[in-house]
Amino acid sequence: MVMARNKKFDCLEQVLGEMSVAGFGPSNNTCIELVVSCVKSQKLREAFDITQTMRKFKFRPAFSAYTTLIGALSAVFESDLMLTLFHQMQELGYEVSVHLFTTLIRVFAKEGRVDAALSLLDEMKSNSFEADVVLYNVCIDCFGKAGKVDMAWKFFHEMKAQGLVPDDVTYTSMIGVLCKADRLQEAIELFEQMEHDRKVPCAYAYNTMIMGYGSAGKFDEAYGLLERQKAKGSIPSVIAYNCILTCLGKKGKVEEALRIFEEMKKDAMPNLPTYNILIDMLCKEGNLEDALRIQDAMKEAGLYPNVFTVNIMIDRLCKAQKLDEACSIFEGMDHKICCPNEVTFCSLIDGLGKHGRVDDAYRLFEKMLDSGKIPNAVVYTSLIRNFFKCGRKEDGHKIYKEMLRRGCLPDLMLLNTYMDCVFKAGDIGKGRALFEEIKAQGFIPDVQSYSIMIHCLVKAGFAHETYQLFHAMKEQGCVLDTRAYNTVIDGFCKSGKVNKAYQLLEEMKTKGHQPTVVTYGSVIDGLAKIDRLDEAYMLFEEAKSQGIELNLVIYSSLIDGFGKVGRIDEAYLILEELMQKGLTPNVYTWNCLLDALVKAEEVDEALVCFRSMKDMNCTPNHITYSILINGLCKIRKFNKAFVFWQEMEKQGLKPNVITYTTMISGLAKAGNVIEAHGLFERFKANGGIPDSACYNSIIEGLSNANRAMDAYTLFQETRRKGLNIYTKTCVVLLDALHKAECLEQAAIVGAVLKETAKSQHAAKYW
């Protein structure tokens with residue numbers, strides 16, 4: 001008893017052991033006192049352990065100790081512990097009641113563990129217990145809320161078949177279940193059945209039915225039910241009006257809600273929830289002025305905004321991007337009447353951070369700490385995400401370390417968010433380490449963890465790891481959602497496993513997940529890249545038949561695919577279709593078509609396309625110009641190519657090494673050696689690194705222009721850099737050096753030419 005009063009049970013096991021040896025045990029009152037003491041101090045696990053310790057020494061815990069503890073555990077939904085105690089009671093020969101079965105069934109059903117709840121129900125019936133109205137009401141309510149509407153209906157009809165008369169709770173629960181399941185007509189019929197020949201209406205049933213009409217958007221019927229209630233002599237309560245106002249808010253009917261608010265005053269006095277509902281919908285609309293007017297009306301009615309009111313206003317204003325107004329409300333809180341809670345701080349910290357005001361968010365976080373509030377994982381998740389989003393990754397890392405230092409343990413959502421941020425910041429190694437840390441923290445990576453990992457690794461060029469991660473996800477029993485399917489399919493496509501991606505697309509359909517534009521886009525692009533164009537086109541048509549709005553990315557993938565294999569006409573047809581759909585080709589789309597035309601040596605047609613591109617206000621990029629310059633050089637229109645080069649430079653675009661090489665080679669071949677050499681030197685001065693082809697082109701050009709020593713200087717530079725000298729280049733340079741009577745240099749080039757010829761001969765017979 002002393003232990004129970006002091007709530008210190010360290011020596012309990014030792015004492016019970018000694019009592020067992022002495023041959024006597026604790027009395028029923030002592031047992032009850034021990035359990036009740038723990039229950040009152042919310043130490044339910046300790047209370048459970050006490051009963052188990054008693055059982056260990058073969059003592060018999062009191063009946064009331066069991067029932068008290070089962071009742072307390074039901075309030076916190078500890079169903080497994082409840083079931084253990086229940087079975088122990090049966091083993092000890094205690095007579096369990098319908099009420100006890102009802103308590104267990106309620107908790108299992110509310111947790112969604114329908115099979116366990118039904119098993120208990122069957123056990124009860126097999127023990128010849130007669131179900132009462134209360135049990136049936138619990139089953140209807142709990143199974144209905146768990147989404148088992150037909151099962152709830154079954155209980156309703158079974159109850160009547162057993163000769164029990166449904167009461168107001170039965171009807172109201174069943175009506176509510178049907179309304180939430182969008183089975184409004186059945187709810188109406190049941191309501192009318194309940195109301196038949198009834199003199200006194202059930203206000204709770206009316207409220208439920210009004211909510212049902214409102215949720216379905218049938219406000220005229222809801223108003224009609226209010227009038228019908230009045231006609232029966234029952235004045236609608238504030239709850240009935242609050243139901244209508246809630247539904248009007250969800251449908252965005254703010255003006256009508258304000259009208260009903262004025263009308264309701266004839267029947268019922270608005271309460272604090274009424275004002276909160278109105279403030280919520282007005283803030284959602286961004287109508288701060290009217291929200292503040294309602295707040296003033298609340299004060300005039302003798303009601304004062306509670307923290308819930310303030311939280312609504314701050315949350316909605318942050319979402320409407322009215323951050324200054326949200327901060328103003330926070331600063332204006334009268335702490336004598338209403339103090340900010342964790343939700344208040346969390347909403348405003350997140351709102352400020354999401355809109356780039358991360359320093360303000362952090363200052364508020366410090367204020368939260370100063371006020372004695374303990375930030376939870378949600379607050380830290382917001383700060384980490386928003387610091388990374390603003391490019392301040394070091395601050396994001398500091399927040400994570402600070403969280404651990406303060407003893408706040410991360411949850412799986414925080415770790416997933418942190419990992420996603422780290423990957424997106426380009427730190428692949430740290431991202432991988434965080435995936436392992438999820439496991440080290442005792443969590444099992446979920447489908448989101450794997451989706452983030454796969455998506456980010458694919459973006460970083462590690463698509464080949466997709467299969468291994470997908471296999472691990474499946475092994476772990478993760479159930480893929482649409483996002484996960486899309487991520488894995490994209491990874492397979494980018495790693496060349498298109499057949500795997502195709503199989504997963506079919507699996508996705510059989511699992512009831514509708515493929516999205518992203519799904520089809522990944523597979524179509526994957527097929528197009530490996531020249532399986534007919535299959536890609538079939539999938540393209542399938543997506544259209546499914547009513548999916550195809551985007552520019554998918555059309556561009558097909559244009560690129562058809563273009564690369566020379567099926568230009570089909571590429572044109574795809575381009576025409578996308579424009580008919582109201583889409584505008586972007587620079588990537590045009591580049592795909594231009595590249596196809598150039599490869600097919602249709603350069604004049606490519607130039608026509610280029611003009612169309614500019615006519616449609618699509619600005620060419622450096623790739624566009626590179627394609628055209630390459631095409632023009634191929635057909636030896638070097639001067640025309642140089643015009644495009646100059647146009648590109650005027651646009652401030654920087655050519656890549658291939659474009660430089662193409663242009664330098666083209667100018668050299670056209671005899672414009674001065675321009676070619678100038679371009680070559682400028683390329684190097686701008687930090688460019690010429691390749692073998694570039695050096696060989698300019699050496700040949702200078703040699704042909706009788707600038708043998710300039711060519712020789714570049715020849716030596718090429719050798720120092722370890723780049724290949726082509727045989728043809730050596731021959732042309734050797735001839736130029738002989739003509740210029742540079743015999744010493746010619747001898748060196750001749751020696752290199754011999755070595756090159758020997759190595760080529762050896763390679764030929766290797």
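Biologist: What should I know before I start, and how are residues numbered?

Modeller: Residues are numbered from 1 along each chain as its sequence is written, and side-chain values use heavy atoms, with hydrogens and water left out. This is a predicted model, where local features need pLDDT of at least 70 and side-chain atom pairs count only at pLDDT 80 or more, while totals for chains, interfaces and linings use all residues.

Biologist: At what angle do H12 and H13 pack?

Modeller: General idea first: helices are DSSP runs (H or I, at least four residues), numbered from the N terminus. Axes are lines fitted to C-alpha atoms over the stretch in contact, and angles run from 0 to 180 degrees between N-to-C directions. Here, helix H12 (residues 184–195) and helix H13 (residues 203–215) pack at about 155 degrees, with axes 11 Å apart. That makes H12 roughly antiparallel to H13; the word is used for angles over 145 degrees.

Biologist: Is the crossing of H12 and H13 left-handed or right-handed?

Modeller: A crossing is left-handed if the near helix is turned anticlockwise from the far one by less than a right angle, and right-handed if clockwise. H12 and H13 cross in the left-handed way.

Biologist: Which residues of H12 and H13 meet?

Modeller: Contact means heavy atoms within 4.5 Å. On the H12 side you'll find Leu184, Ala187, Ile188, Phe191, Met194 and Glu195, and they meet Ala205, Tyr206, Met209, Gly212 and Tyr213 in H13. By class, the contact of H12 with H13 has nine nonpolar residues, one polar and one charged. For those classes, Ala, Val, Leu, Ile, Met, Phe, Trp, Tyr, Cys and Pro count as nonpolar, Asp, Glu, Lys and Arg as charged, and the others, Gly among them, as polar.

Biologist: How do H16 and H17 cross?

Modeller: The axes of helix H16 (residues 254–264) and helix H17 (residues 272–284) come within 10 Å and cross at roughly 160 degrees. H16 and H17 are therefore roughly antiparallel to each other, and their crossing is left-handed. H16 brings Val254, Ala257, Leu258, Phe261 and Met264 to the contact, and H17 brings Thr274, Tyr275, Leu278, Met281 and Leu282. Nine of these residues are nonpolar, one is polar and none is charged.

Biologist: And how far apart are the axes of H31 and H32?

Modeller: Helix H31 (residues 517–529) and helix H32 (residues 533–545) have axes 8 Å apart, packed at an angle of about 160 degrees. That pair has a left-handed crossing too. Tyr520, Val523, Ile524, Leu527 and Ala528 of H31 touch a set in H32 that includes Leu533, Leu539 and Phe540. The contact of H31 with H32 has ten nonpolar, no polar and two charged residues.

Biologist: How many residues of H39 are buried?

Modeller: Buried means under 20% relative accessible area, exposed over 50%, and partly exposed in between (1.4 Å probe, protein chains only). Ten of the 13 residues of H39 are buried, so that helix is largely enclosed by the rest of the structure. Among the buried ones are Tyr660, Met663, Ile664 and Leu667. They pack against helix H37 (622–634), helix H38 (638–650), helix H40 (673–685) and helix H41 (692–704).

Biologist: What span does H39 reach?

Modeller: The expected span of a helix is 1.5 Å times one less than its number of residues. Helix H39 (residues 657–669) reaches 18 Å from its first C-alpha to its last, close to the 18 Å expected. After H39 comes Gly671, whose phi is positive, near 90 degrees.

Biologist: Which helices do the buried residues of H27 pack against?

Modeller: They pack against helix H25 (412–424), helix H26 (428–440), helix H28 (466–475) and helix H29 (482–494). H27 is mostly covered, with ten of its 13 residues buried.

Biologist: Let's zoom in. Is Leu248 buried or exposed?

Modeller: Leu248, in helix H15 (residues 238–250), counts as buried at 0% relative accessibility. Leaving out residues up to four places away in sequence, Leu248 touches Phe219, Tyr223, Lys253, Glu256, Ala257 and Ile260.

Biologist: What does Thr589 touch?

Modeller: Thr589 lies in helix H35 (residues 587–599) and is buried at 1% relative accessibility. Not counting residues up to four places away in sequence, Thr589 touches Leu552, Ser556, Ile559, Leu575 and Leu578.

Terms used:
Helix = DSSP H or I, 4+ residues; strand = E, 2+ residues; numbered from the N terminus. Parallel < 35°, antiparallel > 145°, perpendicular 65-115°, else oblique.
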